[in-house]
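User: Can you walk me through this one? I'd like the chain contacts and some helix packing.

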Amino acid sequence: MMPLTMCKAGEENEIKKIGGKEETRRHLENLGFVVGGKVAVISETDGNMIVNVKEARVAIGKDMANKIMI
Amino acid sequence: MAVKIALAGNPNCGKTTLFNALTGSNQFVGNWPGVTVEKKEGRLKGHKDVTIMDLPGIYSLSPYTLEEVVARNYLVADRPDAIINIVDGTNIERNLYLSTQIMELGIPVIMAVNMMDIVAKNGDVIHIDKLSQKLGCEVVEISALKGTGITKAAEKAVALAHQKKKVTPAHAFASEVEDIIAKVEDKISSDIPQEQKRFFAIKLLEKDDKISELLSLMPDVSAEIRELEDHFDDDTESIITNERYVYISSIIGECLTKAKKGEKLSTSDKIDRFVTNRFFALPIFALVMFIVYYVSITTVGGFLTDWTNDTLFGEWIVPGARTLLENIHCAGWLTGLVVDGIISGVGAVLGFVPQMLVLFIFLAFLESCGYMSRIAFIMDRIFRKFGLSGKSFIPMLIGSGCGVPGVMASRTIENDRDRKMTIMTTTFVPCGAKLPIIALIAGAFFHNSGWVAWSAYFVGVAAIICSGIILKKTKMFAGDPAPFVMELPAYHWPTVGNVLRSMWERGWSFIKKAGTIILLSTIVLWFLMNFGWSNGTFGMLDFDGLEGAALEAAQAECVLAKVGSAIAWIFAPLGWTKAGNGWKMAVAAVSGLIAKENVVATFGQLFGFAEVAEDGSEIWKSLSLVMTPVAAYGFLVFNLLCAPCFAAMGAIKREMNNVKWFWFAIGYQCILAYIVSLCIYQIGTLITVGTFGVGTVVAFLLIIGFIYLLFRPYKESNTLNFDAKKTVSAK
């Protein structure tokens with residue numbers, strides 16, 4: 001298991017675990033980040049990333065990306 | 001029978017586009033999540049008794065941000081007769097997650113799969129018959145933008161609303177979960193209709209704390225929650241979320257046939273790789289901003305404004321109106337009121353409309369092409385250092401057009417603390433109405449040089465950054481901003497109609513303002529200025545034939561001068577005193593609280609813009625006689641930073657939703673404006689003239705204090721956590 005920030009652009013991975021505050025986690029789940037779901041990195045800048053989750057493009061900051069484990 | 005139909009769906013799935021098409025209204029459509037922050041009502045075209053309600057976009061019925069609360073409260077508490085659930089066909093899997101929740105409300109639902117034109121272009125096929133069967137509602141294919149299928153969707157929704165059929169969802173979770181939901185349903189008191197029980201049962205299991213307000217009897221479901229959590233080794237909320245996605249995954253294969261894609265990246269992704277690139281992101285952003293403001297303020301907009309001010313008003317309208325009124329032998333005072341009062345006051349403001357229109361075109365373009373949410377993402381890296389979130393940048397950018405929508409756009413910021421800070425600082429950005437003040441000061445004191453306008457934006461941004469740092473270190477705002485999470489819509493070309501409509505809507509509100517508030521205040525000001533105590537009796541003052549010092553002495557007798565002088569001492573340390581004209585500056589700044597354009601309108605009257613109408617820039621000369629350039633720059637900065645106009649203050653009050661916070665915001669803005677303006681004048685005067693006095697010492701002390709606040713060690717305090725739920729219930 002490693003944080004999403006370690007992932008390179010273009011790779012697709014399965015989400016293993018989502019950390020962080022309950023509220024934020026719930027928001028991520030509503031946006032399509034669920035354990036077992038796929039996430040692909042579109043672009044990455046200093047750990048801030050744009051990812052493809054269930055065909056939606058979501059921008060997430062470094063702090064959050066660090067809490068998503070793949 | 002009157003029926004209400006609500007439009008519900010994910011952010012940016014086309015609800016407002018559909019709303020406009022169905023009702024014929026002109027609500028602004030943008031391409032970023034959170035354009036609609038308040039629900040909007042309209043009548044369905046051709047059906048007088050059908051109300052359509054446009055709701056802000058939501059990702060689920062468990063709200064995260066304020067605008068999501070608005071939508072959920074409407075759906076759950078007001079219960080519309082039918083819901084049109086709009087689903088973005090290009091991103092159907094994620095959109096269906098909300099649909100499964102909407103189906104549980106027990107309200108008749110029509111699913112409108114939107115953006116079918118793009119789905120077809122991509123070569124994908126959505127099997128609506130399957131979708132309808134699996135989710136238990138009628139499904140129609142539409143394209144809100146092209147207008148296809150929308151009448152069918154609306155008619156079906158109206159028919160459903162009239163039928164008043166009881167609806168139950170077709171989807172089901174794993175049997176263990178279903179058993180427990182059934183158990184909880186049995187515990188819910190019988191005053192809740194059967195079809196709504198599933199919704200309440202799930203909300204009870206999810207431990208939703210707002211649900212108690214809707215239930216008369218709160219059943220104890222802790223045993224069921226424990227049973228579920230033990231079985232799945234997870235919390236109930238995640239279990240149910242997961243069950244929804246599992247159900248969707250199980251049906252998506254039958255409902256959607258995807259065309260084989262050769263390329264992995266879409267055009268939008270390619271653009272994103274470039275514009276959010278580590279090296280190019282900021283230069284590209286800076287270039288875009290530079291083009292927007294350079295074109296609208298300096299070149300095209302400036303040219304149009306000069307022409308309107310100097311030629312249209314200066315050479316044609318003002319002398320024309322005077323000649324006309326004199327030819328019809330109108331009473332002298334009435335000619336004065338119309339020409340010197342109304343036309344010069346309102347005209348001074350209207351002159352800036354072209355400049356604003358150009359700026360509004362750019363802003364509308366930025367909002368509707370999809371770059372807006374990227375800006376938030378790019379700026380997040382930087383804003384995070386000042387204690388603000390990247391999402392704070394959207395309100396500020398919109399605020400450069402007008403502060404009212406800017407302040408309202410802060411609703412999309414999920415963290416209460418970040419949002420309050422954004423509301424307080426958004427109006428530091430020069431809005432369209434402050435442009436006239438900038439142009440006036442630049443023209444009168446600095447040979448129209450471009451740096452004045454640029455520095456005004458710089459001062460605004462610096463004020464935001466410094467406020468962010470300073471406020472962050474206070475107990476009230478301690479803590480980190482919420483992590484950045486934002487959906488990025490695909491880029492698309494804005495339609496010309498949408499951009500022009502938005503430009504016109506916003507521009508028109510300025511013109512309307514000139515015709516109402518500003519017209520009224522110029523009339524009041526004219527009377528206050530032309531009546532006074534002459535030789536001990538109250539009456540109309542006669543300024544005819546007076547010039548220079550004699551004119552000023554006569555003017556000092558008017559009511560306005562008396563009132564102005566009473567408050568002018570407050571502004572004396574800012575250098576608004578030269579030649580006994582301090583009251584004019586004080587009056588202008590105070591009238592700016594009504595509307596910022598008023599500052600220029602007031603100067604137009606006080607210094608007799610119309611008297612010297614052959615040369616529109618004549619007001620510059622009179623103005624340059626009463627202030628030193630340093631004081632004038634301080635005056636400009638004061639007006640940029642102090643409390644905004646009444647309309648924007650109203651927006652701040654609404655969004656803060658708390659009297660104490662409202663006054664704190666207004667007080668902070670005014671005090672900051674006063675201090676910065678004082679420092680500019682005192683230290684500027686020391687440098688240019690060499691005057692050193694008490695004021696200079698005060699200024700230096702203030703600067704030292706300011707630097708201390710900026711750099712003092714930052715003690716992390718985690719004791720104060722804003723309770724988002726509490727704010728939600730207050731709304």
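Predicted model: local features only at pLDDT ≥ 70, side-chain atom pairs only at ≥ 80, totals over all residues.

User: How many residues of chain A are in contact with chain B?

Analyst: 28 residues of chain A are in contact with 30 residues of chain B. Contact means C-beta atoms, placed from the backbone, within 7 Å.

User: Which element of chain A gives the most to that side?

Analyst: α1(A) does, with seven residues. α1 (22–30), β3 (38–45), β4 (48–53), β5 (56–60) and α2 (62–65) of chain A each supply at least two. Helices (H or I, at least four residues) and strands (E, at least two) are DSSP runs, numbered from the N terminus.

User: And by class?

Analyst: The side of chain A that touches chain B has ten nonpolar, ten polar and eight charged residues. Nonpolar is Ala, Val, Leu, Ile, Met, Phe, Trp, Tyr, Cys and Pro; charged is Asp, Glu, Lys and Arg; the others, Gly among them, are polar.

User: What does β5(A) pair with?

Analyst: Strand β9 (residues 485–488) of chain B, in the antiparallel sense, over four bridges. Pairing takes at least two DSSP bridges between the strands. A:Ile60 stands opposite B:Val485 there.

User: New topic. How do α28(B) and α30(B) cross?

Analyst: The axes of α28 (residues 629–641) and α30 (residues 659–688) of chain B come within 8 Å and cross at roughly 165°. Axes are lines fitted to C-alpha atoms, for helices over the stretch in contact, with angles from 0 to 180 degrees between N-to-C directions. So α28(B) is roughly antiparallel to α30(B). Angles under 35 degrees count as roughly parallel, over 145 as roughly antiparallel, 65 to 115 as roughly perpendicular and the rest as oblique.

User: What about α20(B) and α26(B)?

Analyst: Helices α20 (residues 435–445) and α26 (residues 597–606) of chain B have axes that come within 7 Å and cross at roughly 45°. That makes α20(B) oblique to α26(B). B:Pro436, B:Ile437 and B:Leu440 meet B:Glu597, B:Val599, B:Val600 and B:Phe603.

Methods:
Residues numbered from 1 in each chain as written. Chains lettered and ligands numbered in written order. Contact = placed C-beta atoms within 7 Å.
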